[in-house]
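Me: Got a fold I'd like to talk through. Can you walk me around it?

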Amino acid sequence: MTIEEEVSKTLAELGVTEAPAVEALFAEVRAAMDSERQELVSRGAASSTEREKTAKALRDRWLGRKNGLLAHIDEKWLKPSSRELKPIVGRKFNELRQTSAQLEMEALIRDVPVRAKVNSSDPGSKDASFASTGQALSTATGTVAVTTKDSVAVEVTTAAADLTLPGYRRRLGSIHPITRVQREIEDIFLGLGYSIETGPEVETAYYNFDALNIPATHPARDDMDSLYVDAETVLRTHTSPVQIRALRKHGAPLYILAPGRVYRRDNPDASHSPMFHQIEGLAVDADITFADLKGTLDFFCRKFFGEKVRTSFHPTYFPFTEPSGEVSISCFVCDGAGSDAVGRSCRTCKASGWIEVMGCGMIHPDVLGHGGVDPERYSGWAFGLGIDRFAMVKYDIHDIQLFFQSDMRFLEQF
Ligand SMILES: [Zn+2]
């Protein structure tokens, strides 16, 4: 039987004839009243308008002059009650009426919270509702209205907010594999006393080509290979122009590392990207020889790929170094064997046992001259490597595009 049904019957119709039954009946009503109120308080309201509406509905349901539940109890239980029961019914009804004061609008509006609502600066509301710049704090289960000088009105709920709950955790990112590898390489050379140098990505053709002994007729200058801004300006195709800029800026002796983005006119595929990353290394000093180059790069490769790794140097040609070499390392997966213990061929080194990792050479005397350094007095060596390629080799990644697609499933593995 619902409360409504109960209060529409007299005590006699309900079969209530003794004091304990009266007390039980009123206890039931009291419990219903409390739970309806508590339900509203813990639910709260989305706005003060909604709070007013729901509070009024609850108030009218119980305290409405004509149709409220209390009016029915007065009419059906108290007035027609027997002489024996009247005192106890009267006393219980009075208690209920006193308790029902908590259903008055004022008390409900005080206790029902408006859920964390922020009114960003509405100049009207400042004067209308929060005239003072102080704080209005009602009860511990009520709402706190805070106004600040820039008229931001914040209503913070204190009723159902459990202050011991943990906060929202922001998802942490991770360091991009390119950045990770770049820093690893930088750390190794910083430990050897090198410093980091940077240069512009939009470079003049002079610094990108001419100063590096790449004549106007060289195929690398073709606009099929390079991305030109205009006839004299190009997106740098390598980090080597930083060599010239740094030599002109600091002179010799010089030990630098120049990391950065470079651009080529390549179609994106698994091993090509129109933008990728290089690191250029440079050592210029008196009496620098090819032995310094070999010793330093051997040390670097062992630091980066593992102490077991052996290096191998092969002659090649670059316009800006003489002699020039390519560096290969023994495969760190199969240890140079080209296959694993059961004879499966190694895919990291494509079964060759060796992985080509970078180009290097003794800096061409003309290039030193372009950098303003006397080639009679100083010599130097340089190397250049692809950071993307290093990362691909190190982490066994077979598609360079993965670095640039911002796919969390890929990136969060690092
Ligand atoms: Zn291998």
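Predicted model: local features only at pLDDT ≥ 70, side-chain atom pairs only at ≥ 80, totals over all residues.

Me: OK. How many helices and strands in the protein?

Reply: The protein has 15 helices and 14 strands. Those are DSSP runs numbered from the N terminus, with helices being H or I of at least four residues and strands E of at least two.

Me: Let's take α3. Which of its residues are buried?

Reply: V22, V29, M33 and R37. Buried here means that 20 or more other C-beta atoms lie within 10 Å of the residue's own; 12 or fewer is exposed, in between is partly exposed, and the C-beta atoms are placed from the backbone.

Me: And what covers them?

Reply: The cover on the buried residues of α3 includes α1 (3-7), α4 (48-63) and α6 (86-99).

Me: What span should α3 have?

Reply: Helix α3 (residues 19-43) has 25 residues, so at 1.5 Å a residue it should span 36 Å, and its end C-alpha atoms are 36 Å apart, which agrees. The expected span is 1.5 Å times one less than the number of residues.

Me: What follows α3?

Reply: G44, with a positive phi near 70°.

Me: Back to α6. At what angle do α3 and α6 pack?

Reply: About 10°, with the axes 10 Å apart. Axes are lines fitted to C-alpha atoms, for helices over the stretch in contact, and angles run from 0 to 180 degrees between N-to-C directions.

Me: Which residues make that contact?

Reply: From α3, A19, V22, E23, F26, V29, R30 and M33; from α6, I88, V89, K92, L96 and T99.

Me: Switching to sheets. What's the order in the seven-strand one?

Reply: This open sheet runs β5-β9-β10-β14-β13-β12-β11, with mixed pairing. Strands pair if DSSP finds at least two bridges between them. β5 (195-196) and β11 (311-318) are at the edges with a single partner strand each, so one side of each is left without a neighbour in the sheet.

Me: Which helices pack on it?

Reply: Helix α9 (residues 177-191) packs on the sheet and touches β5, β9 and β10, its direction making about 5° with that of β10. Helix α12 (residues 290-305) packs on the sheet too, touching β10, β11, β12 (321-330), β13 and β14, and its direction makes about 150° with that of β13.

Me: How many residues of β10 are buried?

Reply: Eight of the 11 in β10 (residues 275-285), so to speak mostly covered. It runs antiparallel to β9 (residues 254-263) with 10 bridges, and antiparallel to β14 (residues 379-386) with eight bridges. L282 in β10 stands opposite I256, and the bridge partner of L282 in β14 is A382.

Me: And the three-strand sheet, what's its order?

Reply: β6-β8-β7, open, with antiparallel pairing. β6 (202-204) and β7 (228-230) are the edges, each with a single partner strand, so one side of each is left without a neighbour in the sheet. The twist averages 35° from one strand to the next.

Definitions and conventions: Residues numbered from 1 in each chain as written. Contact = placed C-beta atoms within 7 Å.
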